[in-house]
Amino acid sequence: MPDGRGPLHGLRVVEAATLAAGPMVATTLGEFGAEVVKVEQPGSGDPMRTWGDRRDGIGLAWKSVSRNKRCVTLDLRQPEGQELLHRLLDVSDVFIVANRPSALARWGVDYESVHGAHPRIVMLHVSGYGRGGPKSDRPGYGTLAEAMSGFAHVTGQPDGPPTLPPFMLADGVAALAATYAVIMALYHRDVHGGGGQLVDVNLIEPLARLIETQTLAFDQLGVITQRAGNRLDASAPRNAYRTADDHWLAISSASPSIAVRLFRAIDRPDLADDPAYVDPVRRRDRAVELDTLVAKWVGERTLDEAMRVFEAAEVAAAPVYDAQQLVEDEHLRARGTFVTVDDPDLGPTTVQAPVAVLTDTPGRVEHLGRALGADNDAVFGGLLGVDPDRIAALRAAGII
């Protein structure tokens, strides 16, 4: 990049959210140059600090999700904490919260209050259920969204229970939707001369949007989609297949040309010349038969043997990776997908680089998540000009 500052340089984000979805939005903005000030409760901080896997009591997810952020503490339940927050908002562009509406109203940071005092602020509210409707003030988590969105209903084996993902899927999908929505709101403000506005994103709707085919099937055909394991008959044969050496590989046949290549690769050229097996609609009716054929062929070969054949035939196939295989993949290493950052708590730590690769203004990871309140003096004193004696008094009173 010409000046090394990133495409969002000059944008200031105040993030007062906890756990995953809201903080992930701020993470992405910070990777591409925005200044992010993370506001946490004194003493306890964001629960993400100790969530999931830990090393020496330090949450590993925290280190990644809070990369590039300046960390301050403020008790938003106290008038002095609310006053300092509003001073931060005076000099900021984006405000991210994830609390229930009733809590925001008690703290005087509901959208109506924030917009009235800071009309240029783009306020992102990520919540379990979103504004409006009888569930708006209920506590919401990704697990509940993964259930209500329809995702769990269609995930899992046909004779098994609905399956929840073992990672923060709903939060991550909501964060992606919220990030581009914030950018759109800023574009409207800065390019079209508009004011600030509220970006209202819940955890259910972004994930439901990705699997909208099941609601379309119900609306138009009266069909309730059922669990089919790893099969997707619209792309048949499509599954994860066990190899002779007890590894797994995944195959997709989303287009007729890919299906033809697969049939020839598994020594069934007769299927490649049969319209009943090439046409996607007719192939869907033969999904079980095709799945059985491919599973038998793969099961008689090692992973390396099968992949050599598939790669030579340009079949859409890939090994199922674990974490070690992912970080060691030669293609991802060549792309710089993972970077090592020297952290004062963990030492050299490998994290994923910013996902989008911009040729002229790439994102970067400057540092991982910092200690609770590490930037209180720099932000309250340096940015807001609060007197050192006042900062000491606020600290003694538990406001910061």
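Biologist: What makes R189 count as buried?

Modeller: R189 has a relative accessible area of 4%. Buried means under 20% relative accessible area, exposed means over 50%, and partly exposed lies in between (1.4 Å probe, protein chains only). Because 4% is under 20%, R189 is buried. Before we go on, two notes: this is a predicted model, where local features need pLDDT of at least 70 and side-chain atom pairs count only at pLDDT 80 or more, while totals for chains, interfaces and linings use all residues. Residues are numbered from 1 along each chain as its sequence is written, and side-chain values use heavy atoms, with hydrogens and water left out.

Biologist: Why is the contact of R189 with D190 called a salt bridge?

Modeller: The rule asks for a side-chain nitrogen of Lys or Arg within 4 Å of a carboxyl oxygen of Asp or Glu. The closest N and O atoms of R189 and D190 are 2.6 Å apart, so the pair meets the rule. D190 itself is partly exposed, because its relative accessibility is 46%.

Biologist: How many salt bridges are there by this rule?

Modeller: The count comes to 26. K296 and E300 make one of them, at 2.7 Å from N to O. K296 is exposed, because its relative accessibility is 53%, whereas E300, at 48%, is partly exposed.

Biologist: How do you know that E15 and K69 form a salt bridge, and where do they sit in the chain?

Modeller: E15 belongs to strand β1 (residues 12-15) and K69 to strand β5 (residues 69-73), 54 residues apart, so the pair links distant parts of the chain. Helices (H or I, at least four residues) and strands (E, at least two) are DSSP runs, numbered from the N terminus. E15 is buried at 0% relative accessible area, and K69 is buried at 0% too. A network of salt bridges links E15, K38, D46 and K69.

Biologist: Why is helix α1 called largely enclosed?

Modeller: Of the 11 residues in α1 (residues 21-31), 9 are buried, so the rest of the structure largely encloses this helix. Among the buried ones are P23, V25 and L29. Just after α1, G33 has a positive phi of about 110°.

Biologist: What makes a group of residues a nonpolar core?

Modeller: Its members are buried Ala, Val, Leu, Ile, Met, Phe, Trp, Tyr and Cys residues joined through side-chain atoms within 4.5 Å. The largest such core here has 33 residues, and V13, I96 and L124 have the most contacts inside it. Helix α8 (169-191) is among the elements that supply at least two residues each; its share, 10 residues, is the largest.

Biologist: How do you know that β9 and β11 are edge strands?

Modeller: Three strands form an open antiparallel sheet in the order β9-β10-β11. β9 (239-242) and β11 (317-319) each have a single partner strand, so one side of each lacks a neighbour in the sheet.

Biologist: What makes β9 and β10 a pair?

Modeller: Two strands pair if DSSP finds at least two bridges between them. Here 4 bridges join β9 to β10 (residues 248-251), so the two strands qualify as a pair. In β10, W248 is the bridge partner of R242.
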